Amino acid sequence: MMKFKRKILAAVMTVTLASAAVATYALGNRAVDPADRMGYIFTQLNLTDSQQSEVLDLLKTLSAEQRTQMKANMEAMRDADTRPTRDEMTALHDSHRAAQTQVITDRLNTLLAPDVTADLVTYLDAHRVARLKGGQHGGAESDRGNNQGDN
């Protein structure tokens, strides 16, 4: 029973921690308009204004879904008795990331050609990974340490 609870908690924590998915890159910094942030890749992929709007709407929807799921996971995590191991967290994170990539790919394929979708998902994923490696997780955390001045 304890192992089952650990796996459930690990899954909940993984979803919560991995919620900085593809949509988060596009919408993460609220100070920058998502259309401006995505302008480069939209231009490179030759997306029409209509396609750009549809992609941004989809990313907003995915981001809202992630926030809702994250809140539910946080509540479930509070109720859990144990914490998952690092290996359990890593395995769950990897499987969750793959699932997220598949969801966004499937949904973008309804709007764009598969090769365009593949390029867009690759771009978004690369930027998400670069942000995470750089220690920037969006929001206030991404601004920490940047306003230190010369004092």
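Colleague: In what order do the elements of the protein chain run from the N terminus on?
Modeller: The order is α-α-α-α-α-α-α. That comes to seven helices and zero strands, where helices (H or I, at least four residues) and strands (E, at least two) are DSSP runs numbered from the N terminus. This is a predicted model, in which local features need pLDDT of at least 70, side-chain atom pairs count only at pLDDT 80 or more, and totals for chains, interfaces and linings use all residues. Residues are numbered from 1 along each chain as its sequence is written, and side-chain values use heavy atoms, with hydrogens and water left out.

Colleague: What is the mean pLDDT of the protein chain?
Modeller: The mean is 74, and 64% of the residues reach 70 or more; pLDDT is the predictor's confidence in each residue, from 0 to 100.

Colleague: Where is confidence lowest, and where highest?
Modeller: Helix H2 (residues 22-27) is lowest, at a mean of 50, and H4 is highest, at 90. Residues 17-25 have pLDDT below 50, and beyond near neighbours in sequence this stretch has 28 contacts in the model, a contact being heavy atoms within 4.5 Å. Residues 136-151 are also below 50, with six contacts beyond near neighbours in sequence. Where pLDDT is low, the predicted coordinates should not be read in detail.

Colleague: OK, the core. How many residues are in the largest nonpolar core?
Modeller: It has 18 residues, and Met 38, Val 55, Leu 108 and Leu 120 have the most contacts inside it. A nonpolar core here is a set of buried Ala, Val, Leu, Ile, Met, Phe, Trp, Tyr and Cys residues joined through side-chain atoms within 4.5 Å. Buried means under 20% relative accessible area, exposed means over 50%, and partly exposed is in between (1.4 Å probe, protein chains only).

Colleague: Which helices each supply at least two residues of this core?
Modeller: Helix H4 (39-44), helix H5 (49-79), helix H6 (86-108) and helix H7 (114-133).

Colleague: What is Val 55 in contact with, leaving aside neighbours within four places in sequence?
Modeller: Phe 42, Leu 47, Leu 108, Leu 111, Leu 112 and Leu 120. Val 55 is also one of the buried residues of H5, a list including Leu 62, Ser 63, Gln 66 and Asn 73.

Colleague: How many residues has H5, and what does it reach from first C-alpha to last?
Modeller: H5 has 31 residues and reaches 46 Å, close to the 45 Å expected at 1.5 Å a residue. The expected span is 1.5 Å times one less than the number of residues.

Colleague: Changing topic: how many salt bridges?
Modeller: Two, counting a side-chain nitrogen of Lys or Arg within 4 Å of a carboxyl oxygen of Asp or Glu. Glu 65 pairs with Arg 107, with the closest N and O atoms 2.8 Å apart. Glu 65 lies in helix H5 and Arg 107 in helix H6, so this pair ties together parts 42 residues apart in sequence. The other is Arg 97 with Asp 125, at 2.7 Å, N to O. That pair links helix H6 to helix H7, 28 residues apart.

Colleague: Is Asp 125 buried or exposed?
Modeller: Asp 125 counts as buried, at 18% relative accessibility. Arg 97 is partly exposed at 28%.

Colleague: And Thr 117, buried or exposed?
Modeller: Buried, because its relative accessibility is 0%. Thr 117 lies in helix H7 and touches Thr 105, Leu 108, Asn 109 and Leu 112, not counting residues up to four places away in sequence.
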